[in-house]
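Subject: Structure handover

Hello,

Here is the structure for your files, with notes on what was found in it below. Please read them alongside the coordinates.

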Amino acid sequence: MSLGYAEKLSFIEDVGQVGMTEFFDSAHVLQDKIEQLAKLIEKSRHLVVFTGAGISTSCGIPDFRGPKGIWTLQREGKPLPEASLPFHRAMPSMTHMALVGLEKAGILKFVISQNVDGLHLRSGIPREKLAELHGNSFMETCPSCGAEYYRDFELETIGLKETSRRCSDEKCGAKLRDTVLDWEDALPPKEMNLAEKHCRMGDLVLCLGTSLQITPACNMPLKSLRGGGKIVIVNLQKTPKDKKASLVIHGFVDKVIAGVMELLNMKIPPYIRIDLFQTILSQSLSSDKKFVNWTIRIASVHGLSAPLPFIKSVEVSFSNNQNYKEASLDTQPFLLKRIQSKVLNLTRMPHWKR
């Protein structure tokens, strides 16, 4: 999870058990359990996956309760771990992409996540097949019409607070709110209802990288048991729900899922990141009408005032013409004003590169 997210949370004394010992199944036992899991998935007709922070640690995002987790180190009075890269640059893991492959093959029916990192949506899991119980750091929603806006930058607030943007629907225009829960916030009914529905329908609920401690989310997988469903837990630490599970695997999630996909003879699709931005080119005549003043602006597709976290600088150059000087823009907003050209050269367009 994001350190920024953890720091924005309200202070709470009891965050549950932390600093939990990690367990690793032997190579032989691990392989045997991977084979068992592959058979369960192959036979499953309604597979539901329930994910926690452990699915994203290989993406460079620290977890909470592990030996080097955020809350573990906080309780010990030690410096917090450093994320290996900015939150918005985190890429979906092998497991995230394997779930995309399973969904596209029609095997995975629904994903329930406690994470706020947005990596399931970024990986390609359809929104209608995903319940984000604790929200999404990159998602804001309109409380009036219900419209959702998925951003390429981390929102500035948590706790369902108003953000600085408004709904783009002309008939609405209400102030948007973030979707990430603080400790005192209740789970969103829409996400909760969908998650409960699919857990009841599920004949197999696969829990990946979660200690299953945070209520009421942690009780969600148990709802599958009433209809004869099975629970499988893949986590390095023991969980309070282990006794309810048909299979408990102590191993790295990526290794386990990679082994399962190989046994299912399925390829893990690659992740291809696409970042969008808009280039705004405007012009006006000088007062003597002999020159054209150009203005070039590189902006977010989410609005002129929205941040562009994936662009560090912009270089502007003009091909085949030495009369125009190159320019380098190193700070936001990326705006270059008053580039003059003769009126006869109105059709000459600038070239830019990221």
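Methionine 266 sits in the loop between helix H7 (253-263) and strand S11 (277-285); helices (H or I, at least four residues) and strands (E, at least two) are DSSP runs, numbered from the N terminus. The model is predicted, and local features need pLDDT of at least 70, side-chain atom pairs count only at pLDDT 80 or more, while totals for chains, interfaces and linings use all residues. Residues are numbered from 1 along each chain as its sequence is written, and side-chain values use heavy atoms, with hydrogens and water left out.

Not counting residues up to four places away in sequence, methionine 266 touches Gly101, Leu102, Ala105, Ile107 and Met261, where contact means heavy atoms within 4.5 Å. One of these, alanine 105, is 161 residues away along the chain, and its C-alpha atom is 9.2 Å from that of methionine 266.

In H7, the residues Val253, Asp254, Val256, Ile257, Gly259, Val260 and Met261 are buried (under 20% relative accessible area; exposed is over 50% and partly exposed is in between, with a 1.4 Å probe and protein chains only). The buried residues of H7 pack against helix H2 (27-43), helix H4 (94-104), strand S8 (204-208), strand S9 (230-234) and strand S10 (247-249).

Most residues other than glycine have a negative phi, and most peptide bonds are trans. Asparagine 265, which follows H7, has a positive phi of about 60°. Asparagine 265 lies in the loop between H7 and S11 and counts as exposed because its relative accessible area is 71%. Leucine 212, in the loop between S8 and S9, has a positive phi near 55°. Leucine 212 is buried, because its relative accessible area is 2%. The loop between S8 and S9 also holds proline 216, which is joined to threonine 215 by a cis peptide bond with omega of about 0°.

Next, the annotated positions. The UniProt record, an unreviewed entry, lists Cys142, Cys145, Cys167 and Cys172 under "binding site". UniProt positions are given in the numbering used here, feature names are shortened, and annotations may be inferred rather than shown by experiment.

Cysteine 142 lies in the loop between strand S4 (139-141) and strand S5 (148-150), and cysteine 145 is placed in the loop between S4 and S5 as well. Cysteine 142 counts as buried because its relative accessibility is 2%, whereas cysteine 145, at 44%, counts as partly exposed. Leaving aside neighbours within four places in sequence, cysteine 142 is in contact with Ala147, Cys167, Cys172, Ala174 and Leu176. On the same terms, cysteine 145 is in contact with Cys167 and Cys172.

From an unreviewed UniProt entry also comes the annotation "active site", which covers His134. Histidine 134 lies in the loop between strand S3 (130-132) and S4 and is buried, with a relative accessible area of 14%. Apart from its neighbours within four places in sequence, histidine 134 is in contact with residues including Ser113, Gln114, Thr179, Leu187 and Ile214.

Asparagine 115 is in the loop between strand S2 (108-113) and helix H5 (119-123). Its relative accessible area is 2%, so asparagine 115 is buried. A polar atom of the side chain of asparagine 115 lies 2.9 Å from the backbone oxygen of glycine 52.

For the chain as a whole, there are seven helices and 16 strands. Of its 354 residues, 50% count as buried. Among contacts between residues at least 6 apart in sequence, 64% join residues at least 24 apart.

Regards

Terms used
A polar contact is a pair of N or O atoms within 3.5 Å; within protein, one must be able to donate a hydrogen and the other to accept it, and residues adjacent in sequence count only if both atoms are side-chain atoms.
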